[in-house]
Amino acid sequence: MRAAMLEEVGQTPHVRDVEEPGGDDVVTVTLAGCNPVDLALASGAMGDIEVPKVVGKEGVGLTDDGTRVYFDSPPSPFGSWAQRTRVDPEKVYPVPDGLDDDVAVALGIAGLAAWLPLTHHSDVADKSVLVLGATGVVGSIAVQAAKILGARRVVAAGRSPEALDKTHDLGADATVRLGGDDDVEALTAQADGGYDVVVDMVYGDPFLAALKSSAVGATLITVGQGAGGAPGVPFRDLMGRRHIGHLNDFLPVEVARRAYADLTGLAVQGRITVETTRYSLEEAEKAWQAQADGPHVKIGVLP
């Protein structure tokens, strides 16, 4: 079978023929997902990895009895960028009828990274919510999720004016373009007295600006660090506020399973939408580079 293999840490994966996996816990992949975490894992930034291995942390596929499922974190050296892969049975979730593969994949790692901060780490009902990095896939889902969960006001912040404009259609009450003369001033102007909840996909300087524009008692949840890591956070700005670093894999599997069911149910109802695009498996290198370039759409890889 064909698979995208990482031969050396830090390199781009290449497609080649590999031996098909055996065993009971094998699925035929119908669409694999591409995420920033895939690139981070392959670079060694998230710890040591054994190579060679198949890349790809998530996908949708068919079990041998024809059941359509979403799966996360195949056991190494297997991955989702392959025609067939082994899976971890505990991290296999049913996909509802009426949901296409592209959205089913998008609501996995990305969807959970948006939904769980708003449900597991905070309560957004009747609160003011800021989504930092709202122009990416996780951010766009977070904007929709915050509205669904009853937020009083949702502000979307990001750098791309074109992508920010789209967040109005997703439910954002206001937008803030980051990277101007004064991000603190720009965010504060839309804060309506201070943000109660901040979902942060970028960290770095934008996080510091969000912290300064947040209300006393606010909860700030950092999901990613697209704008850089390790900012110097003044203690006085943290006083009276709670900062949480979120990673889907740190939460119990049953929490993620319920959240995935909630998200896919909302998508079937048309209440959550995600912009997607596809590459073939033979275009794996192009898909990898597209993810590195920071797309505003969810990338799927078709075996």
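**Close-up 1. D102 and its partner R278.** In this predicted model, D102 has a relative accessibility of 12%, so it counts as buried. Its side chain meets that of R278 in a salt bridge, with N and O 2.9 Å apart. R278 sits in strand β15 and D102 in helix α2, so the pair ties together parts that are 176 residues apart in sequence.

**Close-up 2. D101 and R68.** Here is another salt bridge, this time between D101 and R68, whose closest N and O atoms are 2.6 Å apart. The two residues come from distant parts of the chain, with D101 in helix α2 (residues 101-106) and R68 in strand β6 (residues 68-72), 33 residues apart. D101 counts as buried, with 14% relative accessibility, while R68 is partly exposed at 23%.

**Close-up 3. E282 meets R2.** A salt bridge joins these two side chains, at 3.0 Å from N to O. E282 lies in the loop between β15 (276-280) and α10 (284-292), and R2 in strand β1 (residues 2-6), so this pair ties together parts 280 residues apart in sequence. With a relative accessibility of 25%, R2 counts as partly exposed.

**Close-up 4. A salt-bridge network.** K57, D72, K91 and D249 are linked to one another in a network of salt bridges. For the model as a whole, the count comes to 16 salt bridges.

**Close-up 5. Helix α3 against helix α9.** The axes of α3 (residues 109-119) and α9 (residues 253-268) come within 10 Å and cross at roughly 105°. That makes the two helices roughly perpendicular. From α3, the residues G111, L112, W115 and L116 take part, and they meet V255, A256, A259, Y260, D262, L263 and L266 of α9. Sorted by class, this contact has nine nonpolar residues, one polar and one charged.

**Close-up 6. Helix α3 against helix α4.** Now look at α3 beside α4 (residues 137-148): their axes come within 8 Å and cross at roughly 40°. The two helices are therefore oblique to each other, and their crossing is right-handed. On the α3 side you'll find A110, G111, A113, A114, W115 and L118, which meet V137, V138, I141, A142, A145 and A146 in α4. The contact is made up of eleven nonpolar residues and one polar, with no charged residues.

Key
Residues numbered from 1 in each chain as written. Predicted model: local features only at pLDDT ≥ 70, side-chain atom pairs only at ≥ 80, totals over all residues. Heavy atoms only, no water. Axes fitted to C-alpha atoms, helices over the stretch in contact; angles between N-to-C directions. Helix = DSSP H or I, 4+ residues; strand = E, 2+ residues; numbered from the N terminus. Parallel < 35°, antiparallel > 145°, perpendicular 65-115°, else oblique. Contact = heavy atoms within 4.5 Å. Nonpolar A, V, L, I, M, F, W, Y, C, P; charged D, E, K, R; others polar. Left-handed = near helix turned anticlockwise from the far one by under 90°. Salt bridge = Lys/Arg side-chain N within 4 Å of Asp/Glu carboxyl O. Buried < 20%, exposed > 50% of the residue type's maximum accessible area, 1.4 Å probe, protein only.
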